[in-house]
Amino acid sequence: MTDHKDFMRQAMELGEAAGREGDLGIGCVIVRDGKVIGRGRNRMNTQRNPMIHAETDAIADALKALGTADLSGATLYTTMEPCPMCAGAMMNSGIGHWVMGGRLKAVGRAYGQYSAESFVKFVAADVEITTGILAEECEALRNRYMPS
């Protein structure tokens, strides 16, 4: 079985592509039964749409591929801790395992006391969270493509 680092590296490749295209260097893949079912990257600038974050892009891709609105049993790999909008979309689509690389605090954006864990606790969601997968590499990727 492929491990967390392998899937996170795939997400990092998408983040690298986003950065080269002029967006934040954040990428995401969604996996079910050991297979990638959705891919996404930050495309807010290139698509001129503030809602196209890596996670929402990957969710839309997975839902379209599967023809469903339910991603139960899936694991989402994201190079950066999801913002509240993305965390809500991840929960609403039924993704039960979130695997994160970098954290928002590391780049100075902590939404006050926000963390993915605090969000999940606040809404009483049944979500497993794994953190720190290639964290330094993921944070470096995002920082490389931060707007000046």
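## A tour from loop to core

Select D33 to begin, in the loop that runs between β1 and β2 (35-41). Keep in mind that the model on your screen is predicted. Is D33 buried or exposed? D33 is exposed, because its relative accessible area of 72% is over the 50% cut-off. Now check the backbone. D33 has a phi near 55°, a positive value in a residue other than glycine.

**Stop 1: another positive phi**

Move to L134, in the loop between β5 (128-130) and α6 (135-144). L134 is not a glycine, yet its phi is positive, at about 50°. Is L134 buried or exposed? Its relative accessibility is 11%, and under 20% means buried, so L134 counts as buried.

**Stop 2: the largest core**

Next, select I30, I59, L71, L76, I95 and W98. These residues have the most contacts inside the largest nonpolar core, which has 26 residues.

Set aside residues up to four places away in sequence. I95 then touches I30, I59, L71, A74, T75, L76, M90 and V127. A second, separate core has 14 residues, and V29, Y77, I133 and L134 are among them.

**Stop 3**

Go back to helix α3 and select E55. E55 is buried, yet has no salt bridge. Which side chain of opposite charge is nearest to E55, and how far away is it? It is R142, 8.9 Å away. A salt bridge needs the nitrogen and oxygen within 4 Å. Now show what surrounds E55. Leaving aside neighbours within four places in sequence, E55 is in contact with C28, L76, T78, M80, P82, C86 and M90. L76 and M90 also touch I95.

**Stop 3: salt bridges**

How many salt bridges does the structure hold? There are six. Visit three of them.

Start with D6 and R9. Their closest N and O atoms are 3.5 Å apart. Both residues lie in helix α1 (residues 4-20). They are three residues apart, about one turn of the helix. D6 counts as partly exposed, at 35% relative accessibility. R9 counts as partly exposed too, at 41%.

Now jump to D57 and R43. Their side chains meet in a salt bridge of 2.9 Å, N to O. This pair links distant parts of the chain, 14 residues apart. D57 sits in helix α3, and R43 sits in the loop between β2 and α2 (44-47). D57 has a relative accessibility of 13% and counts as buried.

Finish with E117 and R103. Here the salt bridge spans 2.6 Å, N to O. This pair also links distant parts of the chain, 14 residues apart. E117 is in helix α5, whereas R103 is in the loop between β4 and α5. E117 counts as partly exposed, at 32%, and R103 is partly exposed, at 23%.

Salt bridges link E81, R103 and E117 in a network.

Note on methods
Residues are numbered from 1 along each chain as its sequence is written. This is a predicted model: local features need pLDDT of at least 70, side-chain atom pairs count only at pLDDT 80 or more; totals for chains, interfaces and linings use all residues. Side-chain values use heavy atoms; hydrogens and water are left out. A nonpolar core is a set of buried Ala, Val, Leu, Ile, Met, Phe, Trp, Tyr and Cys residues joined through side-chain atoms within 4.5 Å. Buried means under 20% relative accessible area, exposed over 50%, partly exposed in between (1.4 Å probe, protein chains only). Contact means heavy atoms within 4.5 Å. Helices (H or I, at least four residues) and strands (E, at least two) are DSSP runs, numbered from the N terminus. Lys and Arg count as positive and Asp and Glu as negative; His and the chain ends are not counted.
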